[in-house]
Amino acid sequence: MTSQHLPPQSSPRPGPAPQPPAVPWAVVAGLSALALLWPLTGLTGVLGTGAPRAFAVIGITAAVWIGVVGLGRVPRPVLTLTLTGLAYGLVGVALGQLVPALAGFGGPGGSGVEPAWTMIPALLIDTFVGLLAGLVAAGVQRLRGAGR
């Protein structure tokens, strides 16, 4: 038989594309709650003041984010931690606007309220930090072979 006489082959119909896993919103909410470390450490004085406190809070937050998402089997680590960074920023901005004394603003002679124009850069920076943490967490998942 020649190719002219072969019955036409039906091409297999592609099934519906597999849906990517949903963003784990509970993880996003839980990890973004670490924004509360800043006012808690300020109230208790546990980590000191100034730069040492800031670096400690940032280090603890990054380690927890990368540890939970990188060592856990959290799907879509980059998107998850990018959204976590955004939510972290929203918690921080809301805290700074609603209760400035707890957020660490309003030193002697200050009004206590952070200027409104600082909100967008703060959100962008927190989102970018979440993106970087997500990339590191994705690398940790790959190194651990999370697909297995």
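In what order do the elements of the protein chain run from the N terminus on? They run α-α-α-α-α-α.

## The model and its make-up

This is a predicted model, in which local features need pLDDT of at least 70, side-chain atom pairs count only at pLDDT 80 or more, and totals for chains, interfaces and linings use all residues. Residues are numbered from 1 along each chain as its sequence is written, and side-chain values use heavy atoms, with hydrogens and water left out.

The protein chain has six helices and zero strands. Both are DSSP runs, numbered from the N terminus: helices are H or I with at least four residues, strands are E with at least two. Of the 148 residues in the protein chain, 28% are buried. Buried means under 20% relative accessible area, exposed means over 50%, and partly exposed lies in between (1.4 Å probe, protein chains only).

Contact means heavy atoms within 4.5 Å. Take the contacts in the protein chain with a separation of 6 or more: residues 24 or more positions apart account for 73% of them.

## One side of helix 1

Helix 1 covers residues 25-32. Its residues Val28, Leu31 and Ser32 are buried. They sit on the same side of helix 1, because they cover an arc of only 95 degrees around the axis. That arc is taken from the directions from the helix axis to the C-beta atoms. What covers these buried residues includes helix 3 (50-71) and helix 4 (77-98).

## Where helices 3 and 4 meet

The axes of helix 3 and helix 4 come within 11 Å and cross at roughly 145 degrees. Axes are lines fitted to C-alpha atoms, for helices over the stretch in contact, and angles run from 0 to 180 degrees between N-to-C directions. The crossing is right-handed. A crossing is left-handed if the near helix is turned anticlockwise from the far one by less than a right angle, and right-handed if clockwise.

Which residues meet here? From helix 3 come Val57, Thr61, Trp65 and Val69. From helix 4 come Pro77, Leu81, Thr84, Gly85 and Tyr88.

## Rings and a charge

The count comes to one aromatic pair. Rings of Phe, Tyr and Trp (its six-membered ring) pair if their centres lie within 6.5 Å; planes under 30 degrees apart count as stacked, over 60 as edge-to-face and the rest as tilted. The rings of Trp65 and Tyr88 have centres 5.4 Å apart and planes at 90 degrees, so this pair is edge-to-face. The pair links distant parts of the chain: Trp65 is in helix 3 and Tyr88 in helix 4, 23 residues apart. Trp65 is buried, at 2% relative accessible area. Tyr88 is buried too, at 15%.

Arg53 lies over the face of Trp38, at 3.6 Å from the ring centre. A charge sits over a ring if NZ of Lys or CZ of Arg is within 6 Å of the ring centre and within 35 degrees of the ring normal.

Is Thr82 buried or exposed? Thr82 counts as buried because its relative accessibility is 17%. This helix 4 residue is in contact with Thr127, Gly130 and Leu131, leaving aside its neighbours within four places in sequence. Leu79 is also in helix 4, but counts as partly exposed at 32%. The C-alpha atoms of Leu79 and Leu131 are separated by 7.4 Å, though the two are 52 residues apart along the chain.

Arg76 is in the loop between helix 3 and helix 4. Arg76 is partly exposed, at 34%. Its phi is near 50 degrees, a positive value in a residue other than glycine. Most residues other than glycine have a negative phi.
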